[in-house]
Amino acid sequence: MSDRIVNIGIIGCGGIANGKHLPALKKLPNVRMVAFCDIIPERAEKAAKEYGVPEAKVFTDYKELLKLQDIEVVHVLTPNRSHSFITVDALEAGKHVMCEKPMAINAAEAKKMVEAAKRTGKKLTIGYQNRFRPDSLYVKGECEAGTLGDIYYAKATALRRREVPTWGVFLNEYEQGGGPLIDIGTHALDLTLWTMNNYKPRFCVGTTYEKLKHIVPSGNAWGEWDPEKFTVEDAAFGFIVMENGATVLLESSWALNILDAREAVTTLCGTNAGVDMNDGVRINGIRQGRRYTLRPDLSSGGAAFYEGNANALPQDFEARQWIDAVVNDHDPIVLPEQAYVVSMILDGIYKSATTGKPVYFDEYDK
């Protein structure tokens, strides 16, 4: 990576900022976090003190932060509802933008972000850090090598057993646009479409459920929730058919009564082989008329890993490749057009669940 200094402004200094982005950016020697914004001034001040340069500025109005000419990159780490308009304003202000997932609360808002990036010529990426896990990178490499052949069935899984996030605005439909589907289902879907390299959905059918959120005591790992403030679904499922005929099943829940709870993983089935993430990475197929199962050892590094370190955190890899894309003027690994398709499918599942009918994606502006 070049040693050219990149000045970054942080908009949103809550949990995802402190748990993921700020520690990862702090590890990069050519990054300076020079401004912090949050509607709660104490949060911005705390983040500036812990992660910023000594002269870092603090704001409660993101538009004031965007006026700083020395900022090259902005990270948008706010609740989902504000992702779109803050990102568009930042791009229009001449900044490159990393926006936390999901891209936006719906497809229409996500489309505005893609259009703004094209119009301004600035880089835009979305925080899908699960692509940078060692198992994800290995599966992607096998797909690119043709190991699986024609991938015609996939399952995107994001299932928790009684692990509902009770902090922040996760349960607020207005701020978030939805529950587990848009929160963790989005990671599983992004990982699945990326490994398949298939971004052409034809139609989807979706269902959402509010079966468990009124049952208390809940046994929730992160404390009891207030049923009156739980305004999003507790589970959502989608059946997606791609233009080439491939089928993708998407399953998401924060609270499902299930023992096989796994999050942000994919299963892919092709004409030559299949792969899953049920117990590490498992590849299965037929050789010389015999079934085989391959379990690669991911404990050692490889060329795709962050400085050859297979144990690097995914968010560290994400931050490094993003800043490298800015410094060396190339595309980030997560493209806005890809993230828009994820948002489009999530939007379609929610619409189908509401209407009880399939949603065809020729109705969307692709």
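Among contacts in the protein between residues at least 6 apart in sequence, what percentage join residues at least 24 apart? The share is 71%, where a contact means heavy atoms within 4.5 Å.

A note on the model: this is a predicted structure, in which local features need pLDDT of at least 70, side-chain atom pairs count only at pLDDT 80 or more, and totals for chains, interfaces and linings use all residues. Residues are numbered from 1 along each chain as its sequence is written, and side-chain values use heavy atoms, with hydrogens and water left out.

View 1. Helices (H or I, at least four residues) and strands (E, at least two) are DSSP runs, numbered from the N terminus. Of the 366 residues, 56% count as buried; here buried means under 20% relative accessible area, exposed over 50%, and partly exposed in between (1.4 Å probe, protein chains only).

**View 2. K20 and E318 joined by a salt bridge.** A salt bridge here is a side-chain nitrogen of Lys or Arg within 4 Å of a carboxyl oxygen of Asp or Glu, and the N to O distance in this one is 3.1 Å. E318 sits in helix α9 (residues 314-328) and K20 in helix α1 (residues 15-26), so the pair ties together parts 298 residues apart in sequence. Both ends are tucked away: E318 is buried at 3% relative accessibility, and K20 is buried at 5%.

**View 3. E92 and R119, a salt bridge between two helices.** The closest N and O atoms are 2.5 Å apart. E92 belongs to helix α4 (residues 83-92) and R119 to helix α5 (residues 107-120), so the bridge ties together parts 27 residues apart in sequence. E92 is partly exposed at 44% relative accessibility, while R119 is exposed at 53%.

**View 4. K101 and D183, a salt bridge from loop to helix.** Here the closest N and O atoms are 2.8 Å apart. K101 lies in the loop between β5 (96-100) and α5, and D183 in helix α8 (residues 180-196), so this pair ties together parts 82 residues apart in sequence. K101 counts as buried at 12% relative accessibility, and D183 is buried at 7%.
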